[in-house]
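Here is a set of exercises to work through with the structure open beside you. Try each task before reading its solution.

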Amino acid sequence: MSGGIKCWPEAERPREKMMQRGPSALSEAELLALILGSGDAASGRSALDLGRELILQFKSLRGLADASLPEIQRVKGIGPAKATCILAALDLSRRIREKERRPIESFERFTSAAQVFEHLNHEYRDRHTEQFVALLLDGKNRIISRALISEGSLNQSIVHPREVFNAAVRQSAAAMILLHNHPSGDPTPSPEDLAVTRLLCEAGQIMGIRVLDHIVIGENAYYSFADNGQI
């Protein structure tokens with residue numbers, strides 16, 4: 001549809017469409033057009049054109065949310081004002097999700113890998129680096145706390161039993177659930193994941209601190225060592 005949005009039939013304009021039918025009737029590009037507020041006069045592109053270009057450039061809203069201000073401003077027609085409005089709107093959405101999630105320590109216990117994944121998926125799937133975390137449990141498998149053990153590619157030199165079990169001993173933990181994320185989105189365990197898991201399970205037997213599971217978080221999917229009979 002040519003011309004600026006003001007030239008379009010009212011029923012097709014994002015603002016009027018939202019007022020008549022609600023936000024769920026709008027595409028992601030149309031919602032971005034409302035955030036942008038205006039198009040690019042120099043190129044003659046409408047706000048909707050810019051919204052479509054942003055989705056095309058960053059592949060998804062998640063990709064856009066992960067982008068920096070300079071990266072967004074590389075899109076022709078997006079200056080500092082529009083870029084900051086985009087990131088502000090997306091970060092408000094992230095903060096709403098954060099406030100809706102209960103603190104991990106408020107759970108009496110986790111009873112399955114699926115429950116752990118459901119609670120922590122949004123927090124760890126968006127990380128650009130691997131984070132290895134231990135959920136520390138008491139004798140009744142209730143959550144005591146979580147400990148960030150390492151950040152970076154997983155291997156035995158970074159995730160050493162000493163660091164993992166020091167945290168458990170300090171908290172008087174009786175058991176733990178290990179988890180880490182795969183920034184690639186594929187939760188399939190690597191050979192390093194397998195080696196680290198075996199090492200920590202063996203150390204846990206010696207220390208008397210049970211390793212109940214090791215969960216790998218990917219993009220809307222997970223891998224549980226316990227569910228797959230490897231712990």
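**Exercise 1. Decide whether Glu30 is buried or exposed, and find which residues surround the Glu30 side chain.**

*Solution.* Please keep in mind that this is a predicted model.

Step 1. Start with accessibility: the relative accessible area of Glu30 is 9%. Buried means under 20%, so Glu30 counts as buried.

Step 2. Glu30 belongs to helix 2, which covers residues 28–36.

Step 3. List the contacts. Setting aside neighbours within four places in sequence, Glu30 is in contact with Pro14, Lys17, Ala25 and Leu48.

Step 4. Look for polar partners. The side chain of Glu30 reaches the backbone nitrogen of Ser27 at 2.8 Å, and a polar contact of 3.1 Å joins the side chains of Glu30 and Lys17.

Step 5. Classify the pair with Lys17. Lys17 and Glu30 form a salt bridge, with 3.1 Å between the closest N and O atoms. This pair links distant parts of the chain, as Lys17 sits in helix 1 (residues 14–21) and Glu30 in helix 2, 13 residues apart. Lys17 is buried too, at a relative accessible area of 11%.

**Exercise 2. How many salt bridges does a search of the whole structure find? Take the pairs Asp138–Arg142 and Glu163–Arg162 and classify the accessibility of each partner.**

*Solution.* Step 1. The search of the whole structure gives 6 salt bridges.

Step 1. In the pair of Asp138 and Arg142, the closest N and O atoms are 2.8 Å apart. Asp138 is buried, because its relative accessibility is 17%. Arg142 has a relative accessible area of 33% and is therefore partly exposed.

Step 2. In the pair of Glu163 and Arg162, the closest N and O atoms are 3.2 Å apart. Glu163, at 31%, is partly exposed. Arg162, at 47%, is also partly exposed.

**Exercise 3. Describe the overall makeup of the protein chain, then find out what helix 7 packs against.**

*Solution.* Step 1. Count the elements: the protein chain has 9 helices and 5 strands. Their order from the N terminus is α-α-α-α-α-α-α-β-β-α-β-α-β-β.

Step 1. Of the 231 residues, 41% are buried. Among contacts with a separation of 6 or more, 56% involve residues 24 or more positions apart. The protein chain exposes about 12,500 Å², and carbon and sulfur atoms supply 51% of that area.

Step 2. Turn to helix 7, residues 113–124. Its buried residues are Ala113, Val116, Phe117, His119, Leu120, Asn121, Glu123 and Tyr124. For the spacing of such positions, recall that an α-helix has 3.6 residues a turn, so residues three or four places apart point the same way.

Step 3. The buried residues of helix 7 pack against strand 1 (131–137), strand 2 (143–151), strand 3 (175–181), strand 4 (210–217) and strand 5 (222–224).

**Exercise 4. Which residues have the most contacts inside the largest nonpolar core, and which elements supply the core?**

*Solution.* Step 1. The general expectation is that nonpolar side chains in soluble globular proteins tend to be buried together.

Step 1. The largest nonpolar core here has 19 residues, and those with the most contacts inside it are Phe132, Leu136, Val164, Phe165, Met176, Leu178 and Leu200. At least two residues of this core come from each of strand 1, strand 2, helix 8 (161–170), strand 3 and helix 9.

Step 2. Apart from this core lies another, of 18 residues, including Leu36, Ile55, Ile72 and Ala83.

Step 3. Zoom in on Met176. Not counting residues up to four places away in sequence, Met176 touches, among others, Leu136, Val164, Phe165, Ala168, Val211 and Leu212.

Technical notes. Residues are numbered from 1 along each chain as its sequence is written. This is a predicted model: local features need pLDDT of at least 70, side-chain atom pairs count only at pLDDT 80 or more; totals for chains, interfaces and linings use all residues. Side-chain values use heavy atoms; hydrogens and water are left out. Buried means under 20% relative accessible area, exposed over 50%, partly exposed in between (1.4 Å probe, protein chains only). Helices (H or I, at least four residues) and strands (E, at least two) are DSSP runs, numbered from the N terminus. Contact means heavy atoms within 4.5 Å. A nonpolar core is a set of buried Ala, Val, Leu, Ile, Met, Phe, Trp, Tyr and Cys residues joined through side-chain atoms within 4.5 Å. A polar contact is a pair of N or O atoms within 3.5 Å; within protein, one must be able to donate a hydrogen and the other to accept it, and residues adjacent in sequence count only if both atoms are side-chain atoms. Accessible areas come from the Shrake-Rupley method with a 1.4 Å probe; for residues, only the protein chains shown count as cover. A salt bridge is a side-chain nitrogen of Lys or Arg within 4 Å of a carboxyl oxygen of Asp or Glu.
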